[in-house]
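Welcome! Keep the sequence and the model at hand as you go.

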Amino acid sequence: MNESVISIRGLSKTFGTNRVLDHFDLVLHRGENLAVLGKSGSGKSVLIKCIIGLIRPDEGNIEVLGQNMLNLNREELDDIRVKIGFLFQSNALYDSMTVRDNLEFPLRRHSFRLAPAEVNHMVMEALRNVGLEHAVDMMPAELSGGMRKRIALARTLILKPEIILYDEPTTGLDPITSLEIINLINAIRGKFGTSSLIITHDLKCVKLTADRIAMLIDGHCHVTGDFEGLRSSSDERISPFFS
Amino acid sequence: MQNQAFNTVKLGIFVLTGLFLLILSLYILGKNRNLFGVGFELKTHFEEVNGLVTGNNVRYAGIDVGSVTGVDILNDTVIEVAMSIDRKMRDIIRRNAVAALGTDGLVGNRVVNISPGKGEAPFAVSGDQLASRKEVSTENMLQTLSRTNENIAVITAELREVVHRINTSAQLSELLNDRTMSADLKASAENLRRATAKASDLMSQASGTLSLAYEGEGALATLLTDTALAGDLRVAVQKISEVEESADRLVLHIDEAAKMVNENLQYGQGPANALLRDSLLTYRLHTTLENVEKGTAAFSENMEALKQNFLFRRYFRKLEKAKKKETESR
Amino acid sequence: MPGLSKWNAVMIISKNSGVFLQEIGELSRFAARFWREWLRPRYEFREFIRQCFVIGYKSLPLTGLTAFIMGLVLTMQLHPSMIYYGVESLIPSMVGIAIVREVGPVLTALIFAGKIGSSIGAELGSMKVTEQIDAMEVSGTNPFKYLVVTRTAASMVMLPILVIISDSISLYGSYLGNNIYERTTFILFFRQVFDSLVVADIIPAVIKTFFFGFAVGIIGCFKGYFTDKGTEGVGRAANSAVVVSSVMIFILDLVVVQITDLMNLYD
Ligand SMILES: Nc1ncnc2c1ncn2[C@@H]1O[C@H](COP(=O)(O)OP(=O)(O)OP(=O)(O)O)[C@@H](O)[C@H]1O
Ligand SMILES: [Mg+2]
C-alpha cells in the first residue's frame, strides 16, 4: 500500500499575476482513493491537468508510475496517458459522435490490432459497468447530465487504466445520481484495483470514497489526513469545509 | 458503417469527376497545342515573323494540323520556324508545299498557313524545309494602294486628254454637226467627261483611304492584313488597270477615226457630209463611238464595283451622307 | 489633455499592432506545425476521408450554384458591351479566361471560406471550450493530427476539385447565358473557350486553389483551436476564421498573379 503511483513535488503554476499553485506536494499510493478538497477556483482542475500534461507547470516535478511527466516526448506521453483515466469536470463527450464512437475513440490507438467484434465487446462491457448499455447508439446531446457523466466514466474505463483522475465527479448532479456515481467509483476500485485522485468539494463524496484527504488551500497542500481527523480539526481554514 | 461506405462512394464520384474534368481539359488543351500527339517536324524560313511565338497554330488549308515549336534567328535576315505537325498529315503535305504567315481572324493569334504547292512532289518527311511566301503585310498593301492611286491619276489624265481632244478637234466638231451622229457623239463625250470626273473622284477617295490607313493603328490597318481582303483589293487594282487599258484603246480608236476623217477631208473626194454618208466610214465611226460608250460603261461598272468593295464602302457611304446633309441644309 | 489622448491613441495602436503581429506569428507557427506533423505517422486516414466528404462533397451544391449563376450573369453582363464593339463572338474566350483564371478559383474559395472556414472554426472552437480537445489529448490521440491535419489537408485537396467542377458548371452557365441572345452549339462554345486557353492558364489556377484551401483550413483550425472565453469565443472564432481566410485568399491571389507574371507563363 506504500508504493506511490503519482508523486508531486513543489508544483507551481501562475496565470498572469494569479498564482494558482504554489509549491504543491502530494503523493498518491497504489490502490488508494485520495480526495483533494478545495474551494472553487483554488486550482484543483489546474492541478490534475498538470498531472496529465494538459497544462505545463512553471516549476516542480511530477512523477507518474515512475516516469517524470515533464521530460517525456509525445509518444512516451501518449503511452503513459493510456494508463491514466481522466474524468473531465465537463465530461467532454465528443458531441459529434454517438456514444459508441465516443467509447471507441480511446481504443483507436489499438484499433488496428483489435477485431471489430472485440471492439464491440469492450464497448458493451464498459457500458455495462456504468449500466447504460441501451444508450449505445445515442448522441451525447440526447443524454441527461447524469447519463453523460456515466458515459464519460465508461469512456475513461474502457482502457482499464491503473490510475483514474476524477475532476468533480458529482458536481451538478442530484443526490441520488451522485450517490450512483459514488458507488460506481467504489465499484471500479473494487473491480480493477485502480488508484484514484478525486477532486471535489462535495462532502458526501469525500466521505464515501476517500481513504485520505488532501486540502488545497492557497495553492499548496495545506494538510492531509482522513475524514474524521480533518472534520475534528480546529484549523479555521479547514473547518468551513466540514460544517 | 453502412452510411460511411455510402459516403465514400459519393466522395469517390466527386473526386473522380473533378479529376476527369481536369484531365479532359488538359487533354483538349494539349491536343490544341499538340503536346500529347507525337508529330513530325517541318521547318521553314521567314524574313520576319511578325510576333509568331512557340505554341502558335499551324494550319493546312485552314485546318489546325500542328503548332510552332521553335522560332530561332539564324542570321540578320533569316528566321527559322520549326513546326510540329500531326502525324496524320504525313500523306498529305508534300515537299513543295508553301508556308506563309497569317492571322487567326481579325485580331487573333499569328498562325502559319501551309498551302499545297503546284505540281508533283514527294511527301514531306520529318526535318524537311518548306518554301515560304512573304506575308501580305499592311505595308505591302499600302504600297499597292499607292500604285493604284497613281494609276488612277494616269487614267484620269488620259481620259481628260481624250475629252479635250474630242472637244477641240475641228474635224470632230464638224462631225458633230452631222445630225445623225451628233446625238451619239454628244452622249459619248458626256459619258467620257463623267468617267473622268468619276476617276478623279476615285483618286481622291483612294488618297483619303490611304491617309486614313497611314494614320495608324485603326481598324483599316488591321483589316488590310487580312488575306481575304487583300485578295479583294488585288481584284480592284486589276479592274482599275483594265479600265486604263480600255481607255488607252479608246484614245487609239478615236485618234484613228479622227485621222481618217482628217484624211478624207483633206484628200477626199467631197465634203464631210458626203464622206459621212460613206457607209464604211460611218460604220467605223459608229463602232468607235460604241466602243467609247462601252468603255465608259465598263469604267462606270468598275467604279460601282469599287464602291461595293469592302474597303471603300464606308468612305462612299460617308460621302453620300455628307451630300445628303448638304442638300438638306440648302 | 490633447497630448494625453494622443498618447493613448499611440498606446492603443501599438498594442493592437502588437496583438496583430503576435497573431501572425502564432498562425505561422501553427501552419509550420501542420507541415511538420502531416507526414508523420500515425495517419488519421479515416477521419481525413470523412472530412473530405464533409468539406468537399457537401460544399458542391453551394459552390456549384454560385458558379452557375456567376457564369450566367457574367455572360449576360458582358453581352451588351461586346455587341457594342462588334466582338460578341469573343464572349466564350473572354468568359473562359475570366472564369478559369480568376473568377472560378477566387469566388469558389470565398464561398468555401464562408462555409468551411466558419464551420471548422465553430466546430473546433466548441470542442476546445468544452474540453473535447483536451479529452482527445489525454486519450492518447494527437488532436492536432486528428482535427487540424485532417481538416486542413481535406480542404487543401478538396478545394481544387471543387474549383474544377465549379469552373465547368460556370462555363455551362455561361453557355446558357450566351444562348439567350444567340444560338451557339455546345461544341462550338466549348471549342471557342478552349481555343483561348492554354495549359498555363489551368495549372497555376489549380495550384493556387491548393493554397486557398490550405489557408481556409489552417485559419479555421487555428481560430478554433485557440478559442477561449467560452461560448462567446466560439462565435468569434467562426467569424474571424471567415474574415481572415477571405482576406488571405485575396492576398494569396495577388501573390500568385505576381509569380505567374514573373514566370511569363502565359506566353
Ligand atoms: N487556462 C487558464 N488561463 C488563465 N487562468 C486560468 C486558466 N485555467 C485556470 N485558470 C485560473 O486558475 C484558477 C483555478 O482554476 P481551476 O479551474 O483550477 O479552479 P477549480 O479549483 O477547479 O474550481 P472549480 O471547483 O470551480 O472547478 C482560476 O482562478 C482560473 O481563473
Ligand atoms: Mg475545476
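**Exercise 1.** In which loop is the place of A:D218?

*Solution.* Bear in mind from the start that this is a predicted model.
- Step 1: Look in chain A for β9 (212-217) and β10 (220-225); A:D218 sits in the loop between them.
- Step 2: Check the backbone there. A:D218 is not a glycine, yet its phi is positive, at about 55°.

**Exercise 2.** Find where B:A61 is, and decide: is B:A61 buried or exposed?

*Solution.* 
- Step 1: Go to chain B and locate β2 (57-60) and β3 (63-73); the loop between them holds B:A61.
- Step 2: B:A61 has a positive phi of about 50°, although it is not a glycine.
- Step 3: The relative accessibility of B:A61 is 61%, and the cut-off for exposed is over 50%. B:A61 therefore counts as exposed.

**Exercise 3.** Which residues are the protein donors of the magnesium ion (ligand 2)? Which parts of chain A does the pair tie together?

*Solution.* 
- Step 1: The protein donors are A:S45, through OG, and A:Q89, through OE1, and they lie 1.9 to 2.3 Å from the magnesium ion.
- Step 2: A:S45 belongs to helix α1 (residues 44-52) of chain A, while A:Q89 is in the loop between β6 (84-87) and α3 (99-104), so the pair ties together parts that are 44 residues apart in sequence.
- Step 3: Consider accessibility. A:Q89 has a value of 36%, so this residue counts as partly exposed.

**Exercise 4.** Describe the contact of chain A and chain C. How many residues does the contact take from each chain?

*Solution.* 
- Step 1: Chain A gives 20 residues to the contact and chain C gives 17 residues.
- Step 2: Turn to area. Between them, chain A and chain C bury about 1,800 Å², with 48% of it on carbon and sulfur atoms.
- Step 3: Ask who supplies the area. A:R74, A:Y94 and A:R108 account for 29% of what chain A buries against chain C, more than any other three residues.
- Step 4: Look for charged pairs. There are three salt bridges across this interface. In one salt bridge, the side chains of A:K49 and C:E131 meet at 2.6 Å, N to O.
- Step 5: The elements giving two or more residues are α1, α2 (74-81) and α4 (108-111) of chain A. Of these, α2(A) gives the most, with three residues.
- Step 6: Sort that side by class: it has 11 nonpolar, one polar and eight charged residues.

**Exercise 5.** What does the secondary structure of chain C come to, and what does chain A have?

*Solution.* 
- Step 1: Chain C has nine helices and zero strands. Read from the N terminus, its elements run α-α-α-α-α-α-α-α-α.
- Step 2: Chain A has 10 helices and 10 strands.
- Step 3: Turn to burial. In chain C, 49% of the 267 residues count as buried; in chain A, 53% of the 243 residues do.
- Step 4: Take the contacts with a separation of 6 or more. Residues 24 or more positions apart account for 83% of them in chain C and for 67% in chain A.

Technical notes. Residues are numbered from 1 along each chain as its sequence is written. Chains are lettered from A and ligands numbered from 1 in the order in which they are written. This is a predicted model: local features need pLDDT of at least 70, side-chain atom pairs count only at pLDDT 80 or more; totals for chains, interfaces and linings use all residues. Side-chain values use heavy atoms; hydrogens and water are left out. Donors are N, O and S atoms within 2.8 Å of the metal (3.2 Å for Na, K and Ca); water is not among the atoms, so sites may look incomplete. Helices (H or I, at least four residues) and strands (E, at least two) are DSSP runs, numbered from the N terminus. Buried means under 20% relative accessible area, exposed over 50%, partly exposed in between (1.4 Å probe, protein chains only). Contact means heavy atoms within 4.5 Å. Buried area is the accessible area (1.4 Å probe) that two parts lose on being put together, summed over both. A salt bridge is a side-chain nitrogen of Lys or Arg within 4 Å of a carboxyl oxygen of Asp or Glu. Ala, Val, Leu, Ile, Met, Phe, Trp, Tyr, Cys and Pro count as nonpolar, Asp, Glu, Lys and Arg as charged, and the others, Gly among them, as polar.
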